[in-house]
Amino acid sequence: MSVRALAAMAAKNPVEPYSYEAAALSPTDVEIEISHCGICHSDLNVIANDWATSVYPLVPGHEIVGKIAKAGAESGFSLGQRVGVGWQRSACLTCALCLAGHENLCAKQQAICVGHPGGFADRIVTDGRFVFAIPDALGSAETAPLLCGGVTVFAPMRRYGVTAGSSVGVIGIGGLGHLALRFLRAMGCEVTAFSSTPQKREESQQLGAHQAASSTEVRDIRKHAGRFDLLLSTVPARLDWITFIQTLKPNGVLCLVGAPPGLLQLPAGPLLTGQKTIAGSDIGSRAMIREMLEFSTAHKIGAQIETAPMSDANLALDRLRKNDVRYRMVLTN
Ligand SMILES: [Zn+2]
Ligand SMILES: [Zn+2]
């Protein structure tokens, strides 16, 4: 079966039409006819080979929704069923981490669009064990970004025990951050949005924040000293982490889901005082993706999206490069 896709032929190239022959289905594989594919900041990173792991031709796209066109006998899916796929395409499923339900941390985990073609395509063949049924109540376009962006912010909320009444700050209001605001508001939290963009600070209150502050003005950040149980940073930018640490309550956690460039340089004192934690988080397990989809169904949560036809992928990628998307771009077939 020939797949019609869009691929970058070398680092930093635009994507261009590219066809490849899909592998034959194994018993656990499925073939998905793709209807929607969100564009995540990681797609820009893999196209540019920022992590030195990219393989070209590179078909980006890892927020995929579509319908089952073929189902391996052991896949558990049926023809026509609406499904989604996120960043992770496989793991060993036999190591201690996999057996404990942390397959996103497996040493053998593989990503959809690193060494394998992704979702900028009309279809994809992939391991059904990393494919998720989409609940009927959720729209395809609004749900595609949940599969990477959504679970990336949802998983640390669950890990760090966020509950009704928790005070949580979200740094960076983009594809990930706006979903974090929606989840936190639905969880009954007190929600603060930090953004460097004044317009996003205004919009953040419609997205679920109770208040908004600058992420770069130290005086503005300091007004929130001692406030947060959890601070979730979604930005790939250098910020004044020393000041942000001081906005945590005792036992508070600063969790990074975006990678700032360079080193995190911090004096130990503000961490020791109040026993604060700095942590990272990487997507989420399959169970967490299912829980996040259930939560999104119960609370009618989806991404705030703009859509573009798959043929306009380069324009859409450029809009994301310019930080000009409100709040997630989704390509449609
Ligand atoms: Zn992603
Ligand atoms: Zn494993």
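Visitor: What is the phi of Gly-161, which follows α4?
Guide: This is a predicted model, in which local features need pLDDT of at least 70 and side-chain atom pairs count only at pLDDT 80 or more, while totals for chains, interfaces and linings use all residues. Residues are numbered from 1 along each chain as its sequence is written, and chains are lettered from A and ligands numbered from 1 in the order in which they are written. Helix α4 takes in residues 149-159; helices (H or I, at least four residues) and strands (E, at least two) are DSSP runs numbered from the N terminus. After α4 comes Gly-161, with a positive phi near 70°.

Visitor: How many of the eleven residues of α4 are buried?
Guide: A residue is buried if 20 or more other C-beta atoms, placed from the backbone, lie within 10 Å of its own, exposed if 12 or fewer, and partly exposed in between. The buried residues of α4 include Gly-149, Phe-154 and Met-157. The helix is largely enclosed by the rest of the structure, because the buried residues number nine of the eleven.

Visitor: Which elements are included in what covers the buried residues of α4?
Guide: Covering goes by contact, meaning two C-beta atoms, placed from the backbone, within 7 Å. The cover of α4 includes α5, β13, β14 (248-256), α10 and β17 (328-332).

Visitor: How do α4 and α10 lie to each other, and at what angle do their axes cross?
Guide: Each axis is a line fitted to C-alpha atoms, for helices over the stretch in contact, and angles run from 0 to 180 degrees between N-to-C directions. The axes of α4 and α10 (residues 286-298) come within 10 Å and cross at roughly 100°. That makes α4 and α10 roughly perpendicular, since this word covers 65 to 115 degrees, with under 35 roughly parallel, over 145 roughly antiparallel and the rest oblique.

Visitor: Which residues of α10 does α4 meet?
Guide: On the α4 side are Gly-150, Val-151, Phe-154, Ala-155 and Arg-158. On the α10 side are Met-288, Ile-289 and Met-292.

Visitor: Which residues have the most contacts inside the largest nonpolar core?
Guide: Such a core is a set of buried Ala, Val, Leu, Ile, Met, Phe, Trp, Tyr and Cys residues joined through C-beta atoms within 7 Å. The largest one has 95 residues, and those with the most contacts inside it are Phe-120, Val-151 and Leu-232.

Visitor: Which residues is Phe-120 in contact with, leaving aside neighbours within four places in sequence?
Guide: The contacts of Phe-120 include Ala-5, Leu-6, Val-15 and Cys-37. Others among them are Val-59, Pro-60, Gly-61, Met-310, Ala-313 and Leu-331.

Visitor: How far apart are the centres of domain 1 and domain 2?
Guide: The protein is divided into domain 1 (2-148 + 303-332) and domain 2 (150-280), with bounds from an automatic or database domain assignment. Eleven residues of domain 1 are in contact with eight residues of domain 2. Taken over C-alpha atoms, the distance between the two centres is 28 Å.

Visitor: Is Val-65 buried or exposed?
Guide: Val-65 sits in strand β4 (residues 64-71). Among the residues that Val-65 touches are Ser-35, Arg-82 and Ile-134. Because Val-65 has 28 C-beta neighbours inside 10 Å, it counts as buried.

Visitor: How far apart in space are Phe-228 and Gly-262?
Guide: Phe-228 is in strand β13 (residues 228-233), and its contacts include Ser-167, Thr-247 and Gly-252. With 22 C-beta neighbours inside 10 Å, Phe-228 counts as buried. Phe-228 and Gly-262 are 34 residues apart in sequence; from C-alpha to C-alpha they are apart by 25 Å.

Visitor: What is the omega of the cis peptide bond that joins Arg-326 and Tyr-327?
Guide: Most peptide bonds are trans. The bond from Tyr-56 to Pro-57 is cis, with omega near 0°, and Pro-57 is in the loop between α1 (41-47) and β4. Tyr-327 is in the loop between α11 (313-321) and β17. Its cis bond from Arg-326 has an omega of about -10°.

Visitor: What is the phi of Gln-275?
Guide: Most residues other than glycine have a negative phi. Asn-251, in strand β14, has a positive phi of about 70°. Gln-275 lies in the loop between α9 (269-272) and β15 (277-280) and counts as exposed, with 10 C-beta neighbours inside 10 Å. The phi of Gln-275 is positive, near 50°.
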